[in-house]
Amino acid sequence: MEPMTIFFMILVLGFYGGGFVYFLVKAMSSKHNLE
Amino acid sequence: MEGSSKSTFGSRFGFICAAIGMAVGTGNIWRFPRVTAANGGGAFLIALTIAIFVWAIPLLIAEMVIAKKTRLGTVGAIRDFMGKKFTWIGGWLGAAALGIMFYYSVVSGWTLRYFVYALQGAFSNAGTPEATEVIWEGFLSSPGQTIFFHFLAMLIGGFIIYKGVAGGIEKATKVMIPTLFVLITATMLRGITLPGATDGLVFLFTPNLGDLANPTVWLEAFTQAAWSTGAGWALLMTYAVYTKEKEDLGVNCFVIGFGDVLIGIIAAMAILPTVYALSETVELAEAALASGNNGLIFVYLTALFGNMPGGTFIAAIFFLALAIAATSSLLSMIEVGVLNLQDAGFSRNKATIWICIVGFLAGVPSAYSINFLDNQDWVWGVALLISGLLISIVMMKYGVQKILDEEINHENADMKIGAWWGWCIRAFPVMFVGVFGWWVWQSIQWYPDDWWNPMEIFSPGTMFAQWAILIIVLLLLNNRLAELIRPGRMKEGKMSDEVPFEKMAKE
């Protein structure tokens, strides 16, 4: 694979994987969850 | 309604699992890889990302706003949000979702059947598309089987809905969604470790930025964003009725949007490398990707599973993931009907039984005829774009800035949503004209001589005819529908302090 393809793959997976985990953790750690 | 403990999600994780289950369906697994492959791979992912942010997430947030403010199903929610004379819009939202449910249950049945086929090892001796096509055609031409598995899908969905929100939907999706992530990831790991799999990854991730100049790439990306996330379908609007008073909107909708695309990308990383690695020629790989949703999954991929070392096991995992994705989406469609009937005075149990019986009977023609199913998929699939437009209009009529200030960025919000949300909602009609107009224009090209013919499967004529019938019926029933639904917590656009949600939930 060309470096550009590898870079873009990491970018896409990082963006969506990282974004999903970030927002999920943010949701789970909200102080209002048990109210 | 049931007691409050059963009428709200017990936890935020439960709501998020249910909402991701609503969004992630068969379209993520069989449409996403195929459309991505057909539209430039990496370039399509860029366009899709923009579409998710300007189309899908703003609409998902809008749906949660309507649900949290009214705490009613689609019909009552729009009646209270826009006024009695617009009740028919709520009817449209509910009817379009149910129109999908009627045939989606049949598709869910297909996935269950193929999971059983995989467990039976039916693909191990069918290593060519010709052989798997015989299995597929044989299944489709056996109405007894297609109707039985449609019944089974509706039975499973109905059973979960019957058990209630916390005891049914939440409990089931808290198991189903993490399992789906694990199963589809396992399939992906097998796909990318096949010899020659890198061709598929190159095809998926190489960003040919020149493709972004192609309008079709953008139109397909916006269509995928709409159909994949379920934005504007009133499914999230229905689930959000059962959220807690202080529930956040923005973060939840971002989780749904990111999770939905992530599952699609993982599915694409499972399917495209498998297709490229195991197809004997590049032409065969391209034929697989050009064979439509059913052809790609039920004919070509099953043939490739037959050739793959450990293919029987991987096929079972893959079709189980597909069945989970389909069933979790089917739940939300059933719930749209159930909540509306509850609002009209039915008990939850009676409403579930009625919706499932009607859903089964109305789905039988689709189980019997693939042409009928394709027609319904076309008519109600495009109708959902209209549903999205109507929701954006609902927002604009109420006041975009007012909603942003008072409903979205409330004191308990976990994340402030910026003015971009309002811009996207206001710009929605323009985006709609582009995407909807493109589909209509395309379908005219498919039937240049008789595009008006309502008897053609994919013609504009059949769409407009069926929509017109629905709208006429809804307009005639408008006042009756408005009176049928119990009072909500809003009166003439204002919150009623007399009917707090917790009290309503206990009624």
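The contact draws on 20 residues from chain A and 25 residues from chain B. On the side of chain A that touches chain B, the residues comprise 12 nonpolar, six polar and two charged. The model described here is predicted.

Chain A contains one helix and zero strands, and its C-alpha atoms occupy a box of roughly 50 × 5 × 5 Å when taken along the principal axes. Of the 35 residues in chain A, 23% are buried.

In chain B, helix 2 (residues 12-23) has 12 residues that, at 1.5 Å a residue, should span 16 Å, and this agrees with the 16 Å that separates its end C-alpha atoms. Because 11 of these 12 residues are buried, helix 2 of chain B is largely enclosed by the rest of the structure. The buried residues of this helix are Arg12(B), Gly14(B), Phe15(B), Ile16(B), Cys17(B), Ala18(B), Ala19(B), Ile20(B), Gly21(B), Met22(B) and Ala23(B). They pack against helix 1 (3-28) of chain A and, within chain B, against helix 9, helix 11 (215-229), helix 12 (235-239), helix 13 (250-278) and helix 16 (311-343).

Along its course, helix 9 of chain B bends by about 25° at Thr173(B).

How values were computed: Residues numbered from 1 in each chain as written. Chains lettered and ligands numbered in written order. Predicted model: local features only at pLDDT ≥ 70, side-chain atom pairs only at ≥ 80, totals over all residues. Contact = placed C-beta atoms within 7 Å. Nonpolar A, V, L, I, M, F, W, Y, C, P; charged D, E, K, R; others polar. Bend = angle between axes of the 7 residues up to and from the residue. Helix = DSSP H or I, 4+ residues; strand = E, 2+ residues; numbered from the N terminus. Expected span 1.5 Å × (residues − 1). Buried ≥ 20, exposed ≤ 12 C-beta atoms within 10 Å, placed from the backbone.
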